[in-house]
Amino acid sequence: MAKTELSRKTKTEIEDSSSLKGTLASVFLLGFFLVITWIGVYLLFVSRF
Amino acid sequence: MFNPAANLKVDRRDGKLAMAHFYVAFTALAIGGLAGLLQTLVRSGKFELPAGIGYYQILTVHGVVLGLVLTTFFIMGFQLAATSKTSGTFTKKQRITGWVGFWLMTAGTVLAATMILLNEATVLYTFYAPLQAHALYYIGLTLVIVGSWVDGAAIIMKYAEWRRKNPGQPSPLLTFMSLVNTMMWIVATIGVASTVLFQLLPWSLGIVETVNIGVSRTLFWYFGHPLVYFWLLPAYMAWYVVIPKVIGGKIFSDSLARMSFILFLLFSIPVGFHHQLMEPGIDPAWKFLQVILTFLVVIPSLMTAFSLFATFESFGRAKGATGLFGWLKKLPWGDARFVVPFIGMVTFIPAGAGGIVNASHQMNQVVHNTIWVTGHFHLTVATSVVLTFFGVSYWLIPHLTGRKLTKAMNKLGIIQAVIWSIGMTFMSGAMHAAGLLGAPRRSSYSEYGGAAQAAEWIPYQVAQAIGGSILFLGIILMLYIFINLAFFAPKGEQEFPVGEAADEAEKAPMVFENWKLWLGITFVLILFAYTIPFIDLIQNAPPGAKGYKLW
Ligand code: HEM
Ligand SMILES: [Cu+2]
């Protein structure tokens, strides 16, 4: 029916081929890994010294 | 940018010079790998060395032959080849300089190795005083360093010639990078050369009775940290410049790559105290300053990570990849020239994380002198760097010998890297874990009088031996591939991949070639970080130490 046709939005996925969002996500993951490792050994340090 | 000096193929005569370096490097891999295997077996407690050979003699062989010989020879060979490829064939004078450097380094290596094998120099590759080696060991190492300077001179001469012929132009990227690493190496080795020539050599010859330990260790570590960046930067050359071409992509940014190399030159040297955080005789304020400088090296490291991710993502998206990580699927997973260095890059993530822990001043107490540290640098140098060097060998050796990397060898190369990764996960993982439980590095097997804490370490030492055995298999495989590529692979053309920048029109700013400026800042930083601590170490020195031969 016309009404439902109208309300259905056509989702056009336009992905910019020059997007670097994967790079952004990767460097964030890398950063989290560095922080987690550091905090892990920091807690060990605090518990020992 | 059009560069008429660049060669499609490295000139055969220059190729021979580079290959000479690689023969020594891979011989070192064979000897050092065997020593490494023996170390892990001894430390497992299930095996003893025959004929009364000492653990520390084997460990000295391993450290010197892999940490100093394999690395220096491979790096010099690679940088000479990269310079000849991108800035043009060496002149006769430049090539002879290269050969003189090679033979000096080789003579020094043979001399030092002989003294180690005669058990006259069981002082490990760091040769800390008051352990005292035979004078010929120090002379041998001096020749290695002087030889590397002469080798480096060939690169500097070629660079100067290129700049003269191309006024106002930025030098070719691989030449630029080789030059930065060569200059960093020369500035750094002045430290170790000073302690050897002015302290250790006269002392081992009996000309002076005692030696100032604090000064000697500080001079060593002034050299020791840039040493690890000297290993790393050639791997970065491959990551920044070669890998984009191998996958069929572009260098993310030429200027960013140059900038990160300059930052490494500035911040790699005035940071040696992060290896001496637990040592007396140095004011904590100066240690803290060098810790801050150390953390500045995080900047170019993360720039590199960003730039590599961006190269991969741009390439994948140009190939039609979608989604957050779809580009990963587009990478050439069947090509050893890519996969092997890629494993090296991934390994650098845990390696770098561990390094940040090591350098965190007080936190260094948790890991200092434990086998965690050994686990750390088997990720950095013995995996990230070494696997990248293997990945480079797969195209560079056949390129230089006029042969081709066959499909079979390509596959074997990937298998080699997988074996290496599995072995290293066991060995380095177990080393990290045991280190956090307090297990010391540089120690033969011991139950420490039945101590409960020491008993905890033993399962990890067995895991290290399992990892070490797998790694040794990897070494045999690598030697097989090397011999194939050097002597037996079918004749043909193998490309020397040199990437182009994404934005070819972007000309790198000429300020990057201003060596008065960069070397000037380097020296200012060094003077700032070291002058007062050295005055302290000399003025407030305890009595000097006599030499000890404890083996
Ligand atoms: C078969 C592969 C390898 C094995 C099984 C192995 C094993 C070991 C072990 C067990 C130690 C430390 C022992 C201790 O502290 O008591 C060690 C130290 C060391 N390894 Fe390796 N390693 C291997 C490959 C490499 C490679 C490829 C490099 C360098 C490019 C390297 C460089 C070093 C250095 C510099 C030391 C320090 C020596 C010292 O503390 O004096 N290793 N290795
Ligand atoms: Cu360091």
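Predicted model: local features only at pLDDT ≥ 70, side-chain atom pairs only at ≥ 80, totals over all residues.
**Stop 1: the interface**

Select chain B and chain A together. They bury about 2200 Å² between them, and 78% of that is on carbon and sulfur atoms. Now pick out Arg317(B), Met363(B) and Val366(B). These residues of chain B lose the most area to chain A, together 25% of what that side buries. The contact takes 28 residues from chain B and 23 residues from chain A. Six residue pairs are in polar contact across the interface.

Next, colour α9 (298-318), α10 (336-358) and α11 (364-367) of chain B. Each gives two or more residues to the side that touches chain A. α9(B) gives the most, with eight residues. By class, that side of chain B has 19 nonpolar, seven polar and two charged residues.

**Stop 2: the largest cavity**

The largest has a volume of about 210 Å³. To centre on it, select Leu68(B), Leu141(B), Val144(B), Ile145(B) and Phe223(B), which lie nearest its centre among 19 lining residues. Then show α2, α3, α4, α5 and α6 of chain B; each supplies at least two residues of the lining. Of the lining residues, 15 are nonpolar, four polar and no residue is charged.

**Stop 3: the second largest cavity**

This cavity has a volume of about 50 Å³. Select its lining, including Arg43(B), Pro440(B), Tyr445(B), Trp457(B) and Gln461(B). Here the lining has five nonpolar, four polar and one charged residues.

Conventions. Residues numbered from 1 in each chain as written. Chains lettered and ligands numbered in written order. Heavy atoms only, no water. Contact = heavy atoms within 4.5 Å. Buried area = accessible area lost by both parts, 1.4 Å probe. Polar contact = N/O pair within 3.5 Å; in protein donor to acceptor, adjacent residues only side chain to side chain. Helix = DSSP H or I, 4+ residues; strand = E, 2+ residues; numbered from the N terminus. Nonpolar A, V, L, I, M, F, W, Y, C, P; charged D, E, K, R; others polar. 1 Å grid on protein atoms, 1.4 Å probe; cavity = no way out; pocket = protein on both sides within 12 Å on 5 of 7 lines; lining within 4 Å. Points joined across faces, edges and corners; volume = space filled by probe spheres on them.
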